[in-house]
Amino acid sequence: MILITKNVTSMKTCLILIISLFAFIELKAQDDTEQNTEQSGDDLAKELANPNAARGLIFTQFDYTRYSGDIPNAGQNGVVFNLQPSMPIPLGPGVNLFVRPLIPVYLSQPVAGTDGFSQKAGIGNISADVALGKTWPSGFMGMIGVFAGFKTASIEALKSPYTSIGPEVVLGYTPKWGFVGFMVNHGFGVGGSDPGTQGFDILQDAVVTSTGGVPRRSSVTAGQYFYVVGIGNGWQISGTPTFAYNHNGEDGNRLTFPVGTGVIKVTNFGKIPVKLALQYWYYAASPDNFGPQQLVRFQIAPVVPLPW
């Protein structure tokens, strides 16, 4: 009964976020109709392939994750809804400032305890990054910034034991057929440490195991590689898998690394351009004790006018 109540609360939170989001989008679309020019779905898809595009996007996505591992009953399932608005501030030709919060809402997340696994629901740890991006006429682009993850989960079972903060770097290139690039960041734990008993810290798209009985400060390198291949009419083949490496983890429990691919379609819903994406990831490397094995992601990202 408690889990059902928490699931209902989490679903209500998702619905409120989604309804508020689309109400805002519709109002902005009406206010800025005269400022928008016609652009084909294919041209817009090519533009959005560059992470440094000066376009407002509000990413909403549902992730289904299948977990496995060596510990008893490790075959678990998880579902999370993520909301991430991206509203770049243009500073000059090809130069943009990004401030991007990420709000996870766990509809069902397996959490290990003394009595085995239980499913938890609630708002997760909110993270954010601030980055400065530059795209050169040659097609190369780069970003540099900082990110932080905060202990904001609505229940203790989902809350990280520490706040993470660190630098991030993005490098990429825009050939005629699409985009290719990668992002790397390193998070240092502050205000806490990994527990001395077996545990799991839930990161975005990854699970990082504790440091094997020795309390230590967190040191996690994470990142993302991405590619986009345009195939015409607003369709693209794309993958954006994320990885993580826990420098203080036990042997066999440090690396989380998926391979993945999917499709993107950029189309219009009324006056609103929308980026739709579906991806599948298989984790070639995952913590032995407990970690993700497969992931399916469905994403809806409306393209919204910038308020400045």
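This is a dialogue on reading a few features of a predicted model.

User: How do I read a salt bridge, and how many are found in the whole structure?

Analyst: Side chains of opposite charge can pair when their charged atoms come close. In this predicted model, a search of the whole structure finds six salt bridges. One of them joins Arg100 and Asp129, with the closest N and O atoms 2.7 Å apart. This pair links distant parts of the chain: Arg100 belongs to strand β4 (residues 95-113) and Asp129 to strand β6 (residues 127-135), 29 residues apart.

User: Is Arg100 buried or exposed, and is Asp129 buried or exposed?

Analyst: Burial is read from relative accessible area, and under 20% counts as buried. Arg100 has 14%, so Arg100 is buried. Asp129 has 9% and is therefore buried.

User: Which residue forms a salt bridge with Glu47, and which one meets Asp251?

Analyst: Glu47 pairs with Arg55, the closest N and O atoms being 3.1 Å apart. Glu47 is partly exposed at 28%, and Arg55 is partly exposed at 26%. Asp251 meets Arg254 at 2.7 Å, N to O. Asp251 is exposed, with a relative accessible area of 62%, while Arg254 is partly exposed at 27%.

User: Next, aromatic rings. Why does the pair Tyr225 and Phe257 count as stacked?

Analyst: Two numbers are needed: ring centres must lie within 6.5 Å to pair, and planes under 30 degrees apart count as stacked. By this rule there are eight aromatic pairs. In the pair of Tyr225 and Phe257, the centres are 5.7 Å apart and the planes are at 15°, so the pair is stacked. Tyr225 sits in strand β12 (residues 219-232) and Phe257 in strand β15 (residues 255-269), 32 residues apart, and the pair links distant parts of the chain. Tyr225 is partly exposed at 22%, and Phe257 is partly exposed at 30%. Elsewhere, Tyr67, Phe117 and Phe290 form one aromatic cluster.

User: With which strands does β12 pair?

Analyst: Look for the bridges between two strands and the sense in which the strands run. β12 pairs with β9 (residues 178-190) in the antiparallel sense over 11 bridges. β12 also pairs with β14 (residues 242-246), antiparallel, over five bridges. With β13 the pairing is again antiparallel, over five bridges.

User: What is Gln224 in contact with?

Analyst: A residue can be read through its surroundings. Gln224 lies in strand β12 and counts as buried at 19% relative accessibility. Leaving aside neighbours within four places in sequence, its contacts include Gly181, Phe182, Met183 and Thr240. The side chain of Gln224 reaches the backbone oxygen of Thr240 at 2.9 Å.

User: Last, a helix. Which residues of α2 are buried, and where do they fall around its axis?

Analyst: List the buried residues, then look down the axis. In helix α2 (residues 41-48) they are Leu44, Ala45 and Leu48. Seen down the axis of α2, these buried residues fall within an arc of 105°, so they line one face of the helix. What covers them includes β1 (56-68), β13 (235-239), β15, β16 (272-285) and β17 (291-304).

Conventions. Residues are numbered from 1 along each chain as its sequence is written. This is a predicted model: local features need pLDDT of at least 70, side-chain atom pairs count only at pLDDT 80 or more; totals for chains, interfaces and linings use all residues. Side-chain values use heavy atoms; hydrogens and water are left out. Rings of Phe, Tyr and Trp (its six-membered ring) pair if their centres lie within 6.5 Å; planes under 30 degrees apart count as stacked, over 60 as edge-to-face and the rest as tilted. Helices (H or I, at least four residues) and strands (E, at least two) are DSSP runs, numbered from the N terminus. Buried means under 20% relative accessible area, exposed over 50%, partly exposed in between (1.4 Å probe, protein chains only). A polar contact is a pair of N or O atoms within 3.5 Å; within protein, one must be able to donate a hydrogen and the other to accept it, and residues adjacent in sequence count only if both atoms are side-chain atoms. Contact means heavy atoms within 4.5 Å. The arc is that of the directions from the helix axis to the C-beta atoms. Two strands pair if DSSP finds at least two bridges between them. A salt bridge is a side-chain nitrogen of Lys or Arg within 4 Å of a carboxyl oxygen of Asp or Glu.
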